[in-house]
Amino acid sequence: FYLHLIGMVACAGVYAPQMFTNIAANMDNGGGERELLDSSSMSGNNHGLVTSRLMSWVVGASQQIFGGLSSTSLLSNRALEEENDANDGTNDFNDLLLLLSISAIVACVISSLALTVMISHAKGMIMCSLVFNILASLVFMIGAFFVSPFGAIMGIFLVAFNAYFAYVVWGRIPFAACNLATATSAVKANLGLSFVAYSSLITMFCWSAFWLVSAVPTIYITSGCDAQAGACENEANGLVVFLLLVSFYWTYQVIQNTVHVTVAGVVGTWWYVPIEASSFCSRSIGDSYFRSLTYSFGSICLGSLIVAIVESLVTMVRNLRESGDGGSVFLCIAECLLALLRDIIEYFNSWAFTYVGVYGYSFIEAGKNVMSLFKTRGWTTIITDTLAQSVLSLVSVGVGLITGITSLIISYTHGMVFGDELGASAAA
């Protein structure tokens, strides 16, 4: 994993300056307004539409991003001159920061209240989530009747499935509620885990930005792209694109699963040794996070790599299908099967990483224990986990909806309008 990060840094260090120099020279020559050539004119040979579309995006995005950097001084001077004229109805950056800060505070407060409600009313929350799924599918069915017969049939199927699922699992709600209340109590006792979660979001954002800086120049230079001509001599190498996608998804999965293992370790400590995991920033949080980044990091990387490979294949098949290069039915089936395989692996990993965090097992050993769990517990484990997940999904939707409405009310009452002159005039 570390070697692949070093490779990405090397690609950014080697190819990014070359691409920037190429685009800057094109901007100096007045080539920033040229349109991209059609994908068929990129090369005299027959190339795949997937890589052609990719190269069009790479060249266009490179001109938009890096070309804008080369003319920053000119644009900034012009922006300063027009600042007074552009502020009719729009708000400055301070208003945006204020709105984001208020929204974050509201989201934290509502999330804390939701956590308390899930602890004290876990059984009722599970029942509400099951009823909500039935009502949501019913609304979808009614709306589908006015759109297409096929949608109506799907709506009827969803209503029947959700109703039957609620009927079957209704007797398992008390056990699922006990598990949900226990898990939320452990998290509430160690709310310092929220810092680990939020820091992972920041890390994911930084990784996405760095990946763009590394991946786009790599494809740009290795394909012989020229900003002045608006085209590339060669198509993007499929293997290079695949490896770059694996790099992106692999790191993303590692960051996400590190948090998963950390939380599992803290909850395990809270269960077995409560005195060490019963405060906001308890010692178990730091210890679990340290174990995730050291002793268990190899297991995290191995499990994450499997998902990253399948996810990369799904992305490439989807792009190939959307290119319309024939065989769309078979590609659609292949994408569906790969997506199903990805979901199965991710679900299996979620249990395996729990064993890694709680007991310190290796990924292989944890996988064997997960298989033993499924053999002994069967559908009980899956149904219990599904019921808990439905509640968490419902709470997430509720928190997001309330936070969004609150932000909308604040922006409306204070006359906050964000966007360019056209958006400001439209809002007015």
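The model is a predicted one. The chain contains 16 helices and two strands. It has 428 residues, and 36% of them count as buried. Among the contacts in the chain with a separation of 6 or more, 78% are between residues 24 or more positions apart. 

Helix 10 covers residues 238-272, and helix 11 covers residues 283-293. The two pack at an angle of about 135 degrees, and their axes are 8 Å apart. This angle makes helix 10 oblique to helix 11. The crossing of helix 10 past helix 11 is right-handed. On the helix 10 side, the residues that meet helix 11 are Thr-258, Val-261, Thr-262, Gly-265, Val-266 and Thr-269. On the helix 11 side they are Ser-284, Ile-285, Ser-288, Tyr-289, Arg-291, Ser-292 and Leu-293. Sorted by class, the residues of this contact are five nonpolar, seven polar and one charged.

Helix 10 also packs with helix 12. The axes of helix 10 and helix 12 come within 7 Å and cross at roughly 135 degrees. Helix 10 and helix 12 are therefore oblique to each other, and their crossing is right-handed. The contact of helix 10 with helix 12 has 16 nonpolar residues, seven polar ones and one charged one.

A further partner of helix 10 is helix 9, which spans residues 193-222. Here the packing angle is about 170 degrees and the axes are 10 Å apart. Helix 9 and helix 10 are therefore roughly antiparallel to each other. The contact of helix 9 with helix 10 is made of 18 nonpolar and eight polar residues, with no charged ones.

Is Asn-162 buried or exposed? With a relative accessible area of 18%, Asn-162 is buried, because buried means under 20%. Apart from its neighbours within four places in sequence, Asn-162 is in contact with Asn-133, Ile-134 and Ser-137. Helix 7 also holds Met-154, which is partly exposed, with a relative accessible area of 35%. Ser-137 comes up again here: it is 17 residues from Met-154 along the chain, and the C-alpha atoms of the two are separated by 9.4 Å.

The next topic is charge. Side chains of opposite charge can pair when their charged atoms come close. How many salt bridges does the count come to? The count comes to five.

One of them is in helix 11. Asp-287 forms a salt bridge with Arg-283, and the closest N and O atoms are 3.4 Å apart. Asp-287 and Arg-283 are four residues apart in helix 11, so about one helical turn separates them. Asp-287 counts as partly exposed at 31% relative accessibility, whereas Arg-283 is exposed, with a relative accessible area of 66%.

Another salt bridge joins the side chains of Glu-335 and Arg-318, at 3.2 Å from N to O. Glu-335 lies in helix 13 (residues 328-359) and Arg-318 in helix 12 (residues 297-322), so the pair ties together parts that are 17 residues apart in sequence. Glu-335 counts as buried at 12% relative accessibility, while Arg-318 counts as partly exposed at 26%.

There is also a salt bridge between Asp-343 and Arg-342, with the closest N and O atoms 3.3 Å apart. Asp-343 counts as partly exposed, at 38% relative accessibility. Arg-342 is buried, with a relative accessible area of 15%. Through salt bridges that share partners, Glu-311, Arg-342 and Asp-343 are joined into one network.

Technical notes: Residues are numbered from 1 along each chain as its sequence is written. This is a predicted model: local features need pLDDT of at least 70, side-chain atom pairs count only at pLDDT 80 or more; totals for chains, interfaces and linings use all residues. Side-chain values use heavy atoms; hydrogens and water are left out. Axes are lines fitted to C-alpha atoms, for helices over the stretch in contact, and angles run from 0 to 180 degrees between N-to-C directions. Angles under 35 degrees count as roughly parallel, over 145 as roughly antiparallel, 65 to 115 as roughly perpendicular and the rest as oblique. A crossing is left-handed if the near helix is turned anticlockwise from the far one by less than a right angle, and right-handed if clockwise. Contact means heavy atoms within 4.5 Å. Ala, Val, Leu, Ile, Met, Phe, Trp, Tyr, Cys and Pro count as nonpolar, Asp, Glu, Lys and Arg as charged, and the others, Gly among them, as polar. Buried means under 20% relative accessible area, exposed over 50%, partly exposed in between (1.4 Å probe, protein chains only). A salt bridge is a side-chain nitrogen of Lys or Arg within 4 Å of a carboxyl oxygen of Asp or Glu.
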